[in-house]
Amino acid sequence: MMIRSTLQSVLRVSSTSTTSNQRCLTSLTVLQSPSSSFSYCYSTSSFNTTTTEEKKKRNVLPTNLFQKVLLGVGSSLIAMYNPGRTDMVAALGEVSGGCVLPHLKTKMMNDSDGRWLLEHKPRIRIETLPEQLSSLAPDTFGGAYYKFLTDNGFSPDDRAEVRMVEDDDEAYVLQRYREVHDFWHVLADIPPNVPGELAIKWLEMVQTGQPMCALSALVGPLRLPFQQQRQLIQHTAPWAVRCGRNSKFLLNVIYENHWNDNLIELRKKLNFEPYSGPTIIDK
Amino acid sequence: MLLSRRVLRSSVSFIRGYSSTTTGSTSNNTTSSNNSYQSSSTQSSSESKQQTHFGFKTINAEEKETMVKSVFDAVASKYDVMNDAMSLGIHRLWKDEFMNTLNPVPGSHLLDVAGGTGKEEEKIKEQSDISFRFIDKIKSNPYYLPNPHPGQLSSTASLSSSAIVYDINQAMLDEGQKRAIQNGYTKTSDPSIDFIQGNSEQLPFEDESFNCYTISFGIRNCTNIDVVLKEAYRVLKKGGRFMCLEFSQIPNPALRFAYDQYSFNVIPILGQMIAGDRESYQYLVESIRKFPTQDNFAGMIRQAGFKQVTYKNLSFGICAIHSGWKL
């Protein structure tokens with residue numbers, strides 16, 4: 001503990017203007033293996049890579065521990081009572097993600113694509129989608145994504161900004177996690193209805209280990225009718241666990257490079273098993 | 001309700017900076033019912049952006065708007081619930097005490113500035129409006145005798161009373177007017193009630209036209225408090241009373257510490273959870289701290305010309321009722 005804290009204080013002095021390579025090196029030397037992720041809850045608050053100007057640009061809302069606890073408890077109750085309050089689910093994710101985000105950041109740092117993502121921080125918004133997305137064939141990844149958006153009336157701008165995470169990199173990890181959610185729907189071929197969203201939540205829980213995902217995945221099904229619960233237990237949850245464990249860490253994928261790829265080939269590349277059980281219908 | 005809506009009105013430019021970074025349609029809809037300038041500006045910029053790109057976006061915008069609107073319509077009406085949640089229902093007691101202090105008699109003419117109403121859910125029958133309390137107080141006065149022939153002079157009936165609700169926000173006035181008509185109060189009833197829109201720094205009334213001037217939880221958000229006070233002095237008759245109910249400073253340091261902890265830690269989070277709007281409530285608690293102390297505010301009221309200026313602390317100083325007379 002002492003050694004780690006002194007190392008971190010040395011690094012804090014030198015970390016204010018580092019390139020991604022330097023950041024990667026420091027993270028490899030300081031941070032331990034992913035199995036000891038729980039210790040991150042205590043150590044990461046001192047390792048701050050964000051300057052105040054960057055924080056102001058993101059309109060960070062600082063929250064102390066009391067506010068985090070109150071918001072965590074309140075938002076989880078409200079989200080459970082009224083699942084339409086997506087802002088409460090998002091707030092719960094931001095408040096409870098603190099323990100897991102450093103671990104996810106490490107996983108991204110250990111991969112070259114993940115490092116590229118953290119350095120360039122690309123956003124998925126309507127402006128950043130390619131112009132020719134609408135003309136791509138529906139068996140390509142981009143075409144399938146466009147079809148998913150148009151069929152369901154979604155827009156990539158619907159995702160709320162991450163405001164309550166102080167560190168820039170961790171905030172980006174959480175923001176990226178929110179923005180690629182729709183891509184996971186497309187890869188898995190699961191519709192965005194209530195049981196479908198729960199299936200994707202299970203996948204997210206296995207892939208990212210966020211407490212908010214775990215809470216939604218385990219408490220959410222309690223509200224479902226019995227038939228859907230049975231389908232979840234028998235088909236979708238085992239699929240999610242299998243797929244989540246076997247596929248590549250999905251936050252490390254630069255989806256923007258794969259618009260033209262054939263969807264089936266992309267799944268093979270990522271070792272992502274699409275859902276093949278009975279169709280998920282929300283009655 | 002009253003607190004938060006006035007906060008939103010006066011914090012347009014403040015919130016505009018935040019709303020541009022939050023989600024496009026949701027932020028428009030949470031505050032669209034309260035702030036027309038802000039929603040129209042952000043909506044038009046995002047719609048023009050959308051029309052230059054994909055075709056599905058215009059469909060998406062309309063569909064999304066109705067969907068999000070329905071989710072956040074429920075949230076918008078929770079602004080009234082926020083008042084109850086923040087003050088634990090005590091704001092009703094404050095307003096009751098305010099009206100008991102004024103103690104109007106039949107024949108009084110009230111001007112209630114910044115008195116617009118928010119949307120109340122139907123099951124909350126409690127009328128939190130100052131002017132409705134004023135009317136109820138007059139009617140419950142033991143010497144009140146309604147005029148059997150309204151419009152005609154009567155030697156036995158009480159003098160007619162009136163209340164004017166004055167606010168800068170037309171939507172809130174419309175809401176109040178609906179409630180007034182439901183309760184049978186119009187411009188020609190006795191006591192009568194009227195709803196007028198305008199700026200509290202430039203009252204469209206003649207000099208010396210009211211007995212009572214009240215402003216509850218509104219003066220904190222006025223840009224020029226001394227101008228408002230001067231206008232209040234102008235429209236009051238000789239012998240008229242100026243009353244102000246406003247959040248104030250707590251004298252006791254220990255209680256002040258507890259109140260600060262509650263204000264800064266709990267209220268913005270409650271705002272985020274119940275109303276989906278944290279910034280407005282953060283601004284609310286900060287603006288309460290910026291308002292002058294009870295004595296300083298009493299000094300400002302004296303400077304406007306009022307005499308016998310006194311104040312009464314409510315709830316250990318969380319609120320204060322300031323009273324001054326035009327003599």
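Biologist: Which residues make the nonpolar surface patch of about 480 Å²?

Modeller: A:Leu65, A:Val69, A:Val73, A:Leu77 and A:Met80 make that patch. A patch takes residues with over 30% relative accessible area and no salt bridge, joining like charges within 9 Å and nonpolar side chains (Val, Leu, Ile, Met, Phe, Trp, Tyr) within 5 Å. Areas are Shrake-Rupley values with a 1.4 Å probe, and for residues only the protein chains shown count as cover. A salt bridge puts a side-chain nitrogen of Lys or Arg within 4 Å of a carboxyl oxygen of Asp or Glu.

This is a predicted model: local features need pLDDT of at least 70, side-chain atom pairs pLDDT 80 or more, while totals for chains, interfaces and linings use all residues. Residues are numbered from 1 along each chain as written, chains are lettered from A and ligands numbered from 1 in written order, and side-chain values use heavy atoms, without hydrogens and water.

Biologist: Where does A:Val69 lie?

Modeller: A:Val69 is in helix α5 (residues 65-81) of chain A. Helices (H or I, at least four residues) and strands (E, at least two) are DSSP runs, numbered from the N terminus. A:Val69 is partly exposed because its relative accessibility is 47%; buried is under 20%, exposed over 50%, partly exposed in between (1.4 Å probe, protein chains only).

Biologist: How many bridges join β6 to β7 in chain B?

Modeller: Strands pair if DSSP finds at least two bridges between them. Here six bridges join β6 (residues 307-314) to β7 (residues 319-325), and the strands run antiparallel. B:Asn313 stands opposite B:Ala320. The two strands form a hairpin with four residues between them, and B:Ser315 in the turn has a positive phi of about 50 degrees.

Biologist: Which ring does the charged end of A:Lys107 sit over?

Modeller: Such a contact needs NZ of Lys or CZ of Arg within 6 Å of the ring centre and within 35 degrees of the ring normal. A:Lys107 sits over A:Phe249, 4.4 Å from the centre. B:Lys326 sits over B:Tyr233, at 4.6 Å.
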